Amino acid sequence: MIVIIRGSATIDEINKLIRRIEMEDCKVSLVQGENQCVLGLIGDTTRIDPSKIEAFDIVERVTKVQQPYKLANRLFHPDNTVIEVNGRTIGGNELTVMAGPCSVESESQIIEIAKSVKESGATFLRGGAFKPRTSPYSFQGLKKEGLELLKIAREETGLPIVTEIMSTDMIDQFVQDVDIIQVGARNMQNFELLKELGKTNKPILLKRGLSATIEELIMSAEYIMSEGNGNIILCERGIRTFETYTRNTLDLSAIPAIKRLSHLPVIVDPSHAAGMWWMVEPLSKAAVAVGADGLIIEVHNDPPNAKCDGQQSLKPEKFESLMKDLKQIANIVR
Ligand code: PEP
Ligand code: MN
């Protein structure tokens with residue numbers, strides 16, 4: 001962190017500021033120019049809030065050099081994090097593919113879809129039981145019954161299950177029942193939820209918020225990690241931009257960016273990004289080509305009658321052919 005001091009500051013004022021900064025466990029190097037001086041903060045500055053320094057009258061500006069996150073930072077953990085879930089790895093050499101319906105609707109629906117995505121090579125079953133819907137009048141999910149049905153589908157297929165949590169009240173139940181807990185885009189900055197999930201050791205799928213920057217996404221991972229849980233998979237699922245043709249704009253550049261900044265695995269959700277089933281195939285291929293560790297894809301056996309997101313769900317046959325192509329791309333890229 002670099003602190004630019006106003007030209008009018010006296011040496012006493014500068015020394016007072018240096019003493020204050022040194023109380024935060026970092027060293028300060030003073031560079032005296034002809035008209036202005038600059039302070040270079042050396043050491044771990046992640047805990048220093050720049051706005052506190054900017055509040056001093058003699059400070060012109062503060063510039064961050066280091067990222068504000070530490071545990072999620074590749075700088076302090078150069079190797080990729082590989083997360084193990086029920087004998088499968090995420091972030092290693094395998095391409096992770098989580099597939100299934102937006103929402104669990106019935107026993108026959110989830111079992112039929114689970115069997116077919118497994119057959120096509122999916123490695124996890126997704127399905128929402130608690131649904132965050134824009135309208136309170138839309139289908140809100142089967143809730144606890146949905147969790148029970150996911151467990152049955154896991155038993156039938158052996159596929160580990162990933163499903164979204166919406167409140168801290170459900171953490172104990174989710175820890176018991178599911179293999180990966182999903183934090184949806186709308187809860188990416190629900191800091192109380194993140195902190196409580198950090199006290200568990202369950203793998204967490206953390207989706208990028210609707211208008212969140214890459215740094216904000218990694219800071220949310222840092223919240224979970226700071227409580228002790230390092231099993232985090234980040235997910236790019238499209239962000240809100242001025243473009244309205246697609247549901248969201250898939251930020252493919254986020255994948256190489258996150259890979260450079262953090263050691264955590266990154267997967268892509270082309271379904272919620274595009275909002276249209278026919279765009280899922282090209283976006284999935286692009287995601288694997290830019291280095292994503294995996295995908296989370298909505299698949300439904302009867303999209304026109306789906307209770308949620310039928311328009312962006314692939315039919316099982318389309319998913320099967322996509323999986324064949326993805327394997328080839330993954331072989332080239334990896
Ligand atoms: C979902 O995965 O079902 C979902 C609601 O996604 P997001 O939180 O990315 O909108
Ligand atoms: Mn959905």
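Predicted model: local features only at pLDDT ≥ 70, side-chain atom pairs only at ≥ 80, totals over all residues.
Let me begin with the metal. The manganese ion, ligand 2, is coordinated by C102 through SG, H272 through NE2, E298 through OE and D309 through OD, at 2.0 to 2.4 Å. Along the chain, the donors of this manganese ion follow the spacing C-x169-H-x25-E-x10-D. C102 sits in the loop between β7 (96–100) and α3 (107–120), while E298 belongs to strand β14 (residues 294–298), so this pair ties together parts that are 196 residues apart in sequence. Buried here means under 20% relative accessible area; C102, at 1% relative accessibility, therefore counts as buried, and E298, at 1% relative accessibility, counts as buried too.

Now to the helices, starting with α6, which runs over residues 191–198 and whose buried residues are L193, L194, L197 and G198. Why do they lie on the same side of α6? The reason is that they cover an arc of only 140° around the axis. Among the elements that cover these buried residues of α6 are β9 (161–165), α5 (171–177), β10 (180–183), β11 (204–207) and α7 (214–226).

The other helix is α10, residues 277–289, in which M279, V280, L283, S284, A287 and V288 are buried.

Definitions and conventions. Residues numbered from 1 in each chain as written. Chains lettered and ligands numbered in written order. Heavy atoms only, no water. Buried < 20%, exposed > 50% of the residue type's maximum accessible area, 1.4 Å probe, protein only. Helix = DSSP H or I, 4+ residues; strand = E, 2+ residues; numbered from the N terminus. Arc of directions from axis to C-beta. Contact = heavy atoms within 4.5 Å. Donors = N, O, S within 2.8 Å, 3.2 Å for Na, K, Ca; no water.
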